[in-house]
Amino acid sequence: MGWSSWEKVTGQGLDFTDIIYEKKYHAELTGGVARVTINRPEKYNAYTSHTADEMFRAFYDASHDARIGAVVLTGAGDHFCTGGDVVWEQWASREQFYWHSPTNRVLRICRKPVIAMVKGFAIGGGHHIAYFCDFTIAADNAVFGQNGPRVSSPADGFLVQYLVRVVGAKKAREIWMLCRRYSASEALALGLINKVVPLHRLEEEVDRWCEELLLASPSCLEILKASFDWELDQLSPICTFVNWLKPDLFDSPEGKEGPAAFIERRKPQFWKLRMQEAKAVGDLRGSAPTPHAPPKKSP
């Protein structure tokens, strides 16, 4: 069974800078596959709102193209995606949380099955994009994990809750709260991904999965995807808990410390800021806490 070569998609509104958008077709099965490649390798494919806007247009086109049976999402260069660009996020996170739809939404509104083709880092937003795809195929060099609490990025709502459906409550809390890194084999054992293959066989394996999808009724696949995604609509919308618990987090010292520490390549001083806050509150109440002395070093 043979595939045509990838051809870049052109047309009104489809000239992109942050992504590469291509399609190819199967000689025997006649159906096609679209591929969306995040093209910011110098930033480890970290995205901005501009990237997300371009992704929306590509996914919208693929979703409405009757010749396309599946969409592959991947990253240019050595890595899949490392989430939101931290420099951009210092202000634009507010836009994403309070104005724009999150990047994951384009995966849900796409009527075609989406396969994440992961190599290298799938971290932060890149990680939850990968587990929101219908299928995730990883190279053996892939690394998965969240980053939000370490950089003061307060993801909430269905972005967090859906992972419980994927790996279970205990592991989901571990992944999101501890920000550990997981190898491809560990991710497979967790149920976080569908398949691990050697890096040199990654595209070949994804092609094989696409062929299987093209053998199925496209209308039935659309109905199945809608049925699975209905469950997501029962989860909390993004920003629900940020707005409720910490509506001013982005403008707080703690909210600014995470991105600053990341950019300056140092450990964040969250608890130094929290102790300053505790002292200020204590002063107002007339009961300032006594700072604990650091432990003495052994001679």
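The model is predicted, so local features need pLDDT of at least 70 and side-chain atom pairs count only at pLDDT 80 or more, while totals for chains, interfaces and linings use all residues. Residues are numbered from 1 along each chain as its sequence is written, and side-chain values use heavy atoms, with hydrogens and water left out.

**Stop 1**

Select Tyr44 and Asn45. Tyr44 lies in the loop between strand 3 (32-38) and helix 1, and Asn45 lies in the loop between strand 3 and helix 1. Helices (H or I, at least four residues) and strands (E, at least two) are DSSP runs, numbered from the N terminus. Tyr44 is not a glycine, yet has a positive phi of about 55°. Asn45, a residue other than glycine, has a positive phi near 60°. Asn45 is buried, with a relative accessible area of 0%. Buried means under 20% relative accessible area, exposed over 50%, and partly exposed in between (1.4 Å probe, protein chains only).

**Stop 2: Asp61 in helix 1**

Move on to helix 1 (residues 49-63) and select Asp61 there. Asp61 has a relative accessible area of 22% and is therefore partly exposed. Leaving aside neighbours within four places in sequence, Asp61 is in contact with Val9, Leu14, Tyr21 and Lys23; contact means heavy atoms within 4.5 Å.

**Stop 3: the nonpolar cores**

Select Phe59 and Leu73. These touch the most other members of the largest nonpolar core, which has 51 residues. A nonpolar core is a set of buried Ala, Val, Leu, Ile, Met, Phe, Trp, Tyr and Cys residues joined through side-chain atoms within 4.5 Å. Helix 5 gives the most to this core, with 5 residues. A second, separate core has 13 residues, among them Val72, Leu202, Val206 and Leu221. Beyond its neighbours within four places in sequence, Phe59 is in contact with Val36, Val71, Leu73, Val106, Leu107, Cys110 and Val114.

**Stop 4: helices 4 and 5**

Show helix 4 (residues 125-132) with helix 5 (residues 158-167); their axes are 10 Å apart and they pack at an angle of about 50°. That angle makes helix 4 oblique to helix 5. Angles under 35 degrees count as roughly parallel, over 145 as roughly antiparallel, 65 to 115 as roughly perpendicular and the rest as oblique. Axes are lines fitted to C-alpha atoms, for helices over the stretch in contact, and angles run from 0 to 180 degrees between N-to-C directions. To see the contact, select His128, Tyr131 and Phe132 of helix 4, then Phe158, Leu159, Val160, Tyr162, Leu163 and Val166 of helix 5.

**Stop 5: helix 6**

Select helix 6 (residues 169-178), where Ala172, Glu174, Ile175 and Trp176 are buried. The buried residues of helix 6 pack against helix 4, helix 5, strand 9 (182-183) and helix 7 (184-190). Cys179 follows helix 6 and has a positive phi, near 55°.

**Stop 6: Lys225**

Finish in helix 9 (residues 218-232), which holds Lys225. Is Lys225 buried or exposed? Lys225 counts as buried, at 7% relative accessibility. Not counting residues up to four places away in sequence, Lys225 touches Leu107, Arg108, Cys110, Arg111, Lys112, Pro113, Val114 and Asp134.
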